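Trainee: I am new to this entry. Please show it to me, and then I will ask how each description is reached.

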Protein chains: 2
Amino acid sequence: MPMSPPAKPGQSFAEIDTPALILDLDAFERNLVAMAAFAEAAGMRLRPHAKTHKSPEIALRQIAHGAVGQCCQKVSEAEVLVAGGITDVLVTNEVIGASKLDRLARLARDARIGLCVDHVDGVREAAEAAQREGVVLDVLVELDIGGRRCGVAPGEAAVRLAEAVARHNSLQFRGVQAYHGAAQHMRSIDERQEAIERAMLSTRNAVERLSNAGLPCEIVSGAGTGTFELEGRSGVWNELQCGSYIFMDADYARNRKADGTTFDSFEHALFVLAGVMSKPVPDRAIVDAGHKAAAVDSGMPVPYGRSGLIYTKPSDEHGVLTGDPIAVPHRGDTVLLVPGHCDPTVNLHDWYVCVRGLSGPDAHVEAVWPVAARGALT
Amino acid sequence: MPMSPPAKPGQSFAEIDTPALILDLDAFERNLVAMAAFAEAAGMRLRPHAKTHKSPEIALRQIAHGAVGQCCQKVSEAEVLVAGGITDVLVTNEVIGASKLDRLARLARDARIGLCVDHVDGVREAAEAAQREGVVLDVLVELDIGGRRCGVAPGEAAVRLAEAVARHNSLQFRGVQAYHGAAQHMRSIDERQEAIERAMLSTRNAVERLSNAGLPCEIVSGAGTGTFELEGRSGVWNELQCGSYIFMDADYARNRKADGTTFDSFEHALFVLAGVMSKPVPDRAIVDAGHKAAAVDSGMPVPYGRSGLIYTKPSDEHGVLTGDPIAVPHRGDTVLLVPGHCDPTVNLHDWYVCVRGLSGPDAHVEAVWPVAARGALT
């Protein structure tokens, strides 16, 4: 049973129950437009990552702005996306075991479905599942281009794996997954440039070897919100799989541009609205949003538009706001927090409370969208 | 929509899909018995905290072992508990705003319901809500006994607040909430003893002043899994509100006893079962459980029964297992992880997969229980 939504469409901002996950629709829509414009100017396809938002509502808006489909990480996310009307879904991940592969193959009756492989057993298992369901699955070979997570080395191993894919009628080799996760959160542009430059050389090498082996890459997919401008201008990648750009969390906001200023391509559009439960002393207020309302794996949530105030010492259901007493809110007040990390924060909530005119006097709830793939783990 | 359960009753352990939240029923039942025996020997009432488990199934088993009811932190948790048949629920927290208070008061038609206050406005608001619903709410005055979170100073402020409670016919003053959260995870017994000794003096002072003012404390509630033996032997507290003892996470296992050995009153009973997706090199395997399957706010998950193996570098849907190549599992293997912090880990899952005989050859799924109050934020 999902929990009841903390607000209803038509309510004023002040009527939203706390804690709640707030989507600033105006900022969100500007973020959609900005990324679509970048992709178009760069001649890149955009396939945003649904692991960030877990919402067909958001996916459909990205597609309306030109995205070619969606990425996701889990079969259960793909199930929610296809049920929500998305017709082109790429699982940017290995899928292990017949049970998950059969579920994935079943989706290919209604949508174009792809997955990644980094082992020859994965190729065989995917082919068998597709054959059992009478479908064809798209397959990308995942390259390790520096992230040291999954993926094969971007040389002969990739060619051998692609050849294995090509031997199965129930699989279609589409290209390579070349995502450098570790580069996304490097703080300086120099670090990110160096990482993506190396990743580019590796990826180009693999793409050329595949092409020479008669296996051209229709899709060279990668990039995140921290580096997409680099992949976008590389001439090697042709699909961007950024996710966080629609929300912009506090951690991405710590990335720096060449001139040392903060990253400003996108606006903060996602917040946790917290309520003040107690103000025991003038320089400390306790809010009702802790670990179960905002993920802290990439740092603390940051109070929004409240200079002199910091969020600290989260426990499961509490957070502490401290600072200059004049900045510390009072019992019954609410505070917007920019999550440290948007993806796992979204995954804690059942509902997006979509607010129009957030910064103005007529802020109101325009819609409430389910976080439909929240908890989609398998 | 909750996700489909990753297993069905009757399945073998090997058939459980990953990632999954595993409850070792044998260890869990021994933990239930151990805490019940302690409480009985100490002459204490036990009111375990449902913020840990969020499950009426577990609450009912605690009550069958002698617990007097349940604690929780949120009105929405109380709603799930009462709907699940729990008839005595204490919200160990301030409840702010008429909307939440009305929901709480409504529950008092079907169950004994209490809450905490630390401000005179909270007293008035609770009284008004109870009056609107025609019920009586139990009220505890929350004391700050060193945790520096919510709560009033444990002296005259507590007496004044209790007097305010006593002036309302729709409220019943029951005693004090005196929980020292910060003491639970102090590593040495000396630190914990010193913190609880001070907390004891503060709490005793408040209880005596209240008694002298004609407001005896029927309930003096506090303690967690890190310190309950100290509160239990203090002669000041009479209710224990421990939660984590039923599961025992990796962080509590780092607490030390007087002789320097690890805390061993309870067994690890909660795990995240992760599947290996990839083993790109001999000393590194990638599992399918990251930030969305196991909370890392109190440290990394710890591989269970696998010496020489560590879990590191979690990302949203991946974790890295590294170590001696002989210890690193293979693609398709599964690994049990002891969560760093049980409460927020449970809150990531929709289902407990309850396993009987976990450590033996006949390990099987005996039941699947919903994490019924998962996401209960308001």
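**Reading the terms**

Mentor: Start with K313(A), which lies in the loop between β13 (309-312) and β14 (319-323) of chain A. Helices (H or I, at least four residues) and strands (E, at least two) are DSSP runs, numbered from the N terminus. This is a predicted model, in which local features need pLDDT of at least 70 and side-chain atom pairs pLDDT 80 or more, while totals for chains, interfaces and linings use all residues. Residues are numbered from 1 along each chain as its sequence is written, with chains lettered from A and ligands numbered from 1 in the order written.

Trainee: Which peptide bond in chain A is cis?

Mentor: The bond from T18(A) to P19(A) is cis, with omega near -10 degrees. P19(A) sits in the segment before β1 (20-24) of chain A. In chain B, a cis bond joins T18(B) and P19(B), with omega about -10 degrees.

Trainee: How many helices and strands does chain A have?

Mentor: Chain A has ten helices and 17 strands.

Trainee: What are the angle and distance between helices α7 and α8 of chain A?

Mentor: The axes of α7 (residues 156-166) and α8 (residues 189-212) of chain A come within 9 Å and cross at roughly 45 degrees. That makes α7(A) oblique to α8(A), since angles under 35 degrees count as roughly parallel, over 145 as roughly antiparallel, 65 to 115 as roughly perpendicular and the rest as oblique.

Trainee: Which residues meet there?

Mentor: A158(A), V159(A) and A162(A) of α7(A) meet A206(A), R209(A) and L210(A) of α8(A). By class, this contact of α7(A) with α8(A) has five nonpolar, no polar and one charged residues (Ala, Val, Leu, Ile, Met, Phe, Trp, Tyr, Cys and Pro count as nonpolar, Asp, Glu, Lys and Arg as charged, the others, Gly among them, as polar).

Trainee: How many residues of chain A are in contact with chain B?

Mentor: 48 residues of chain A are in contact with 49 residues of chain B, contact meaning that C-beta atoms, placed from the backbone, lie within 7 Å. β10(A) gives the most to this side of chain A, with four residues. The side of chain A that touches chain B divides into 16 nonpolar, 17 polar and 15 charged residues.

How values were computed:
Axes fitted to C-alpha atoms, helices over the stretch in contact; angles between N-to-C directions. Contact = placed C-beta atoms within 7 Å.
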